[in-house]
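Take a look at the chain below.

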Amino acid sequence: AYYTQVAGGGTRHHPNKPGVQATDNLFHMEGKAIAHFALRHSPAFLERLRPGLSKGLADIALVVPHQASLLALRTLSKFGWPQEKIMVTLDHLGNCIAASIPATLYAAIRQGRLQRGDEVLLVGTGAGLSLGGVILVY
């Protein structure tokens, strides 16, 4: 929890309390620690989602990942997933936070990279401390 937090707020660190700094009320994240956390827990998570997924994509036509950073997107290759099966919009949409998966899914459909009947993996992290994913048929 300390890797992603807003230290301020509540009664303990109220913004008007003496000694509380304005930066205490801003979101803080330890990026490297979060990346290590996600990489450590992703294989088991992916295996629960579909056996074999942490080592390859099998019948998955396209992966639509959360677009947090280029480094995070590059780490997907550690699962043996071919780059051409990973939809990337970070380069021109930037980090849209929670909207990155739906925006990237929309872009995949508009570009014809996803056809009716294709299986698609939507996967991402929430502040790096939670993992979520779904395999659906478009």
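What follows moves from the whole chain to single residues.

This is a predicted model, in which local features need pLDDT of at least 70, side-chain atom pairs count only at pLDDT 80 or more, and totals for chains, interfaces and linings use all residues. Residues are numbered from 1 along each chain as its sequence is written, and side-chain values use heavy atoms, with hydrogens and water left out.

Start with the overall plan. The chain has four helices and five strands. Helices (H or I, at least four residues) and strands (E, at least two) are DSSP runs, numbered from the N terminus. Read from the N terminus on, the order is β-β-α-β-α-α-α-β-β. The C-alpha trace spans about 60 × 30 × 20 Å along its principal axes.

Next, the surface. The accessible surface of the chain comes to about 8,400 Å². Carbon and sulfur atoms hold 58% of that surface. Such areas come from the Shrake-Rupley method with a 1.4 Å probe; for residues, only the protein chains shown count as cover. How much of the chain is buried? Buried residues make up 30% of the 138 residues. Buried means under 20% relative accessible area, exposed means over 50%, and partly exposed lies in between (1.4 Å probe, protein chains only).

Contacts tell another part of the story. A contact means heavy atoms within 4.5 Å. Of the contacts in the chain with a separation of 6 or more, 53% are between residues 24 or more positions apart.

Now go to the start of the chain. T4 lies in strand β1, residues 4-5. Is T4 buried or exposed? T4 counts as buried because its relative accessible area is 12%. Leaving out residues up to four places away in sequence, T4 touches F27, H28, M29, I34, A127 and L129.

V6 sits in the loop between β1 and β2 (28-29). With a relative accessible area of 42%, V6 is partly exposed.

D24 is found in the loop between β1 and β2. D24 is partly exposed, at 24% relative accessibility. Setting aside its neighbours within four places in sequence, D24 is in contact with V6, A7 and G8. D24 and Q5 are 19 residues apart along the chain, and their C-alpha atoms are separated by 9.4 Å.

Turn to the charged pair. Side chains of opposite charge can pair when their charged atoms come close. How many salt bridges does the structure hold? The structure holds one. A salt bridge is a side-chain nitrogen of Lys or Arg within 4 Å of a carboxyl oxygen of Asp or Glu. Here E119 pairs with R50, and the closest N and O atoms are 3.0 Å apart. The pair links distant parts of the chain: E119 is in strand β4, R50 is in the loop between α1 and β3, and 69 residues separate them. E119 is partly exposed at 21% relative accessible area. R50 is partly exposed too, at 24%.

The largest pocket holds about 810 Å³ of space. Of the 34 residues that line this pocket, the closest to its centre are A38, H66, A68, A72 and T125. Two or more lining residues come from each of α1 (31-49), α2 (70-75), β4 (119-126) and β5 (130-137). The largest share, ten residues, comes from α1. On a 1 Å grid over the protein atoms alone, a pocket is an open set of points where a 1.4 Å probe fits, with protein on both sides within 12 Å along at least five of seven lines; lining residues have an atom within 4 Å of a point. Grid points are joined across faces, edges and corners, and a volume is the space filled by probe spheres set on the points.

Finish with the backbone. Most residues other than glycine have a negative phi. A58 has a positive phi, near 50°. A58 lies in the loop between α1 and β3 (60-65), and A58 is exposed at 66% relative accessibility. I97 also has a positive phi, of about 55°. I97 lies in the loop between α3 (90-93) and α4 (100-110), and I97 is exposed at 59%.
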